[in-house]
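Q: I'm new to this one. Can you walk me through it?
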Amino acid sequence: IRALCKRTTWFEPWVIGRTMDKIVKKHHFDVVVAGQEGLTTRLVSYVGLENKVAWVRCDYLRRIEEKHIERESYYDSFKSIVCVAEKTRNDFKDLFPELESRIVCIPNPQDGTMMQKRADEVEREPRFKTDDTTLVSVGRLDAIKRFDQIAPIARKLKEHGLKFHWYLIGDGAERE
């Protein structure tokens, strides 16, 4: 859908959204979730179902600035707007104060016990065998994810005498 909409005129996302609406009604769905900001949320906004959920996982203020977009008004049709962090919720609420009663925070689930267990496992990858601290950042290499902040952070850590190796794992527009 994303590739199709990039090649189309302004009205075609509306056509796709209305087609989704017909599918939802035909199959009697109870809820429709837009799991990504932008185009996905816009398409779901055309679905006539009352119980729609928009998932917000980005720094919305930064998204608006970097993508040079206006505040998107299609969130008005959603029953719930779920933000994955308290900061995300607060920023979104500042942009959309009229939607405050519909904005909730559900943090990304993380199994701390499993993470600690894996952190304590013996390292088998030769690149990671070191007496220094090893940091690994994994994610989509996109400006919105702010991986560009790693270099200044690493410089400060080095200035304070910390020895470490920092690996970035991912792909995207900011790969270079």
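Q: Which residues form the nonpolar patch on the surface?
A: Val136, Val138 and Ile169, with about 270 Å² of accessible area together. Patch members have over 30% relative accessible area and no salt bridge, and nonpolar side chains are joined within 5 Å. Areas use the Shrake-Rupley method with a 1.4 Å probe. A salt bridge is a Lys or Arg side-chain nitrogen within 4 Å of an Asp or Glu carboxyl oxygen.

Q: What should I know about the model?
A: It's predicted: local features need pLDDT of at least 70, side-chain atom pairs 80 or more, while totals for chains, interfaces and linings use all residues. Numbering starts from 1 along each chain, and side-chain values use heavy atoms, without hydrogens and water.

Q: Is Val138 buried or exposed?
A: Exposed, because its relative accessibility is 62%; the cut-off is over 50%, and buried means under 20%. Val138 is in strand β5 (residues 133-138); strands are DSSP runs of at least two residues, helices at least four.

Q: New topic: what is the strand order in the open sheet of four strands?
A: β1-β2-β3-β4, with parallel pairing. Pairing takes at least two DSSP bridges. The edge strands, β1 (32-34) and β4 (103-105), each pair on one side only.

Q: How many bridges join β2 to β3?
A: Four. Val53 has Ser80 in β3 as its bridge partner.

Q: And Asp21, buried or exposed?
A: Buried, because its relative accessibility is 7%. Asp21 sits in helix α2 (residues 12-27).

Q: What does Asp21 touch?
A: Tyr46, Val47, Gly48 and Leu49, leaving out residues up to four places away in sequence. Contact means heavy atoms within 4.5 Å.

Key: Patches are made of residues with over 30% relative accessible area and no salt bridge: like charges are joined within 9 Å, nonpolar side chains (Val, Leu, Ile, Met, Phe, Trp, Tyr) within 5 Å. Buried means under 20% relative accessible area, exposed over 50%, partly exposed in between (1.4 Å probe, protein chains only).
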